[in-house]
Amino acid sequence: MGEMSLGAAVACLGAAVWLLGWRNSGARRAELLLAGGGSVGAGPPDWWQMVRELRRLRGRLRAEWCAPVIGLALAVLGSSVLPVAAGAAGVPVLRRVRLAREARRARERRGAAVIALCGALAGEVRAGRQPGEALLRAARDSGGLGEAQAAVLAAARFGGDVTGALAAAARQPGAEGLSGLAACWRVAVDQGAGLAAGLDRLEGALRAEHDQRADLRAQLSGARSTVVMLAGLPALGLLLGAAMGAEPLRVLLHTGAGIGCLAVGGVLEGLGMWWALQIVRGAETT
């Protein structure tokens, strides 16, 4: 009962700090305005300063640092250093997962920006602007060129190799559609074909591919949720065991059989999640 009370207290304290971090700043600004710019008697200024510092600190912390915190809490509850070591080992794994998720989101944003660039460029060309000037305006509005925007804009402004610059920009993850834009630009410049018509077809093809991927991700979201739910079942089993007074942490962390079961279960859990996620990712790429 003492361990459960301590765990409940730690959980309540964490929830309180989290909620304070998410406090609506608009209410605070309303208080200051109604007070006429003077001191507000809703609470001491030091308390609000502490809340702001906690919010700033939380913005700098990454999600992977939750692993050692959880490991430390389990180490206190289970009187063992094994959860601390496991939490520290989980930091690089969670960091890799976070970086992969951020890279995927950046790739998706870059692909959407390329589609917007094709549409804006087609509109500028139809408005009667020259291709170089149209590309300058469309690139500033859409930002679809990414890190290579300076090179492409310089080529368009000073009569350089726009096709080569676009082909180089297409090497960025998610910006593969720029290779089609480079092909349209080459055909329009070399053979005098209509650039706007080619851009319309390219935009339609890229948008259809983007919508297809988004629909596939939406269909696979249920499978991802199932994987996460199944991965959390062992933790739910530990909570149920603690609620029934079985002391699962003591058995897992202080007995040879428990440590063996914990090691084998952790390996099987990791392999199962990796296998399930590989199946989902394979379905996304087909």
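The model is predicted, so local features need pLDDT of at least 70 and side-chain atom pairs count only at pLDDT 80 or more, whereas totals for chains, interfaces and linings use all residues. Residues are numbered from 1 along each chain as its sequence is written, and side-chain values use heavy atoms, with hydrogens and water left out.

**Overall architecture**

The secondary structure consists of 13 helices and 0 strands; helices (H or I, at least four residues) and strands (E, at least two) are DSSP runs, numbered from the N terminus. Of the 286 residues in the protein, 27% are buried, where buried means under 20% relative accessible area, exposed over 50% and partly exposed in between (1.4 Å probe, protein chains only). The protein exposes about 17900 Å², of which carbon and sulfur atoms supply 66%; these areas come from the Shrake-Rupley method with a 1.4 Å probe, and for residues only the protein chains shown count as cover. Among contacts (heavy atoms within 4.5 Å) with a separation of 6 or more, 56% are between residues 24 or more positions apart.

**The nonpolar core**

A nonpolar core is a set of buried Ala, Val, Leu, Ile, Met, Phe, Trp, Tyr and Cys residues joined through side-chain atoms within 4.5 Å. The largest such core has 35 residues, and L121, L145, L166, L178 and L181 touch the most other members. Two or more residues each come from α5 (82-126), α6 (131-142), α7 (149-157), α8 (162-169), α9 (177-191) and α10. Helix α5 gives the most, with 7 residues.

**Helix α10**

Helix α10 spans residues 195-231, 37 residues in total, and reaches 52 Å from its first C-alpha to its last, close to the 54 Å expected at 1.5 Å a residue; the expected span is 1.5 Å times one less than the number of residues. A kink of about 35° is centred on L220, the bend being the angle between axes fitted to the seven residues ending at a residue and the seven starting there. L220 is also among the buried residues of α10, which include L195, L206 and V227.

E124 lies in helix α5 and T163 in helix α8. The contacts tabulated leave out residues up to four places away in sequence.

| Residue | Relative accessible area | Residues touched |
|---|---|---|
| E124 | 16% | R129, A134 and R137 |
| T163 | 13% | A182, W185 and R186 |

With the same exclusion, L121 touches P131, A134, L135, A138, L181, W185 and L199.
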